[in-house]
Amino acid sequence: VMVRVRVRVRWSSRPWLTVLQLGESSALESCRSKLGNPDSLITWSAADPCDATTLGNLDGNSWDVPASKITCQVTSGSTRVTKVSLSSMSLGGQVCSDFGNLPAMTELDLSTNFLSGFLPNSLVDASSLEKIDIQSNLVSGSIPKDWTQLSLLTQFGLDQNTQLCGSEWLGAIAQPSSTGSRVMYDAITAAGGYANTYLGKDCNDFLPNSSIGVVQVFWTLGLVFLSYLFCAWVFQAR
């Protein structure tokens, strides 16, 4: 008796395209370098941080890669990074400008680290972003005006960045104007607000104070020095 057994094996239509896109792989490697090359992100320097050839070679397939702190997905035969989760990793440096080279990324979580400096304009190129979280860092300056183009943004967590300031494009936030961004305002509100920042205040309103403080210190030192010279002159005159 002959028995026929039919086995159906489902393969990706283009399995050779499942390795992470070169531009995105380079972006992750660059960001690791700018964040101080932490060992926890060593897989970002690998040829395929998504491990796509092992974990995902079917269109629509999405998977987490715990070792890389990212989530990836295959779309139209190409593997893309869709989430980056770096919360509470003691990371220093600035928010990496190369995150803007991840156009399919929907979530970026950098909360509770030691990131400082200004926010990069280039993040606007990650146009799929729906959630950004930079809460509890040391970020300073204003939010780039270009970020108002992130039209899909629904949550933007930024509280506990006490040096974050600016109001010109947000319409002072509390009183949104025609030049403000309602999408950005709503996203900030949805993520908990901005109470522990200087957002809503012009950066120039408080930055000069530090300059005045420095001038006052030098002025005081100058007076002390002049007093010393005067006392020395009086002593010699005797």
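Which strand pairs with strand β5 in the parallel sense, and over how many bridges? Hi everyone, let's start there. What we have on screen is a predicted model. In this model, β5, residues 116-117, pairs with strand β7, residues 138-141, in the parallel sense over two bridges. If you'd like to find the spot, look at Ser116, whose bridge partner in β7 is Leu138.

Now stay with β7 for a moment. This strand also pairs with β9, residues 163-166, again in the parallel sense and over two bridges. Here Ser140 stands opposite Gln163 in β9.

Next, the open sheet. Six strands form it, in the order β1-β2-β3-β4-β6-β8, with mixed pairing. At the edges stand β1, residues 62-65, and β8, residues 155-157; each has a single partner strand, so one side of each is left without a neighbour in the sheet. On average, neighbouring strands of this sheet are turned by 20 degrees against each other, direction ignored.

Let me zoom in on β3, residues 78-85, and β4, residues 107-109. They pair in the parallel sense over three bridges, and Val84 stands opposite Leu108 in β4.

Val84 brings us to the largest nonpolar core, which has 45 residues. Val84, Leu86, Phe99 and Phe156 are the residues with the most contacts inside it. Helices α1 and α3, along with β1, β2 and β3, each supply at least two residues of this core.

And finally, Phe99. Leaving aside residues up to four places away in sequence, Phe99 touches a list of residues including Cys31, Trp44 and Met105. Val84 and Leu108, our opposite pair from β3 and β4, are also among the residues Phe99 touches.

Conventions: Residues numbered from 1 in each chain as written. Predicted model: local features only at pLDDT ≥ 70, side-chain atom pairs only at ≥ 80, totals over all residues. Heavy atoms only, no water. Pairing = 2+ DSSP bridges. Helix = DSSP H or I, 4+ residues; strand = E, 2+ residues; numbered from the N terminus. Axes fitted to C-alpha atoms, helices over the stretch in contact; angles between N-to-C directions. Core = buried A, V, L, I, M, F, W, Y, C linked by side-chain atoms within 4.5 Å. Buried < 20%, exposed > 50% of the residue type's maximum accessible area, 1.4 Å probe, protein only. Contact = heavy atoms within 4.5 Å.
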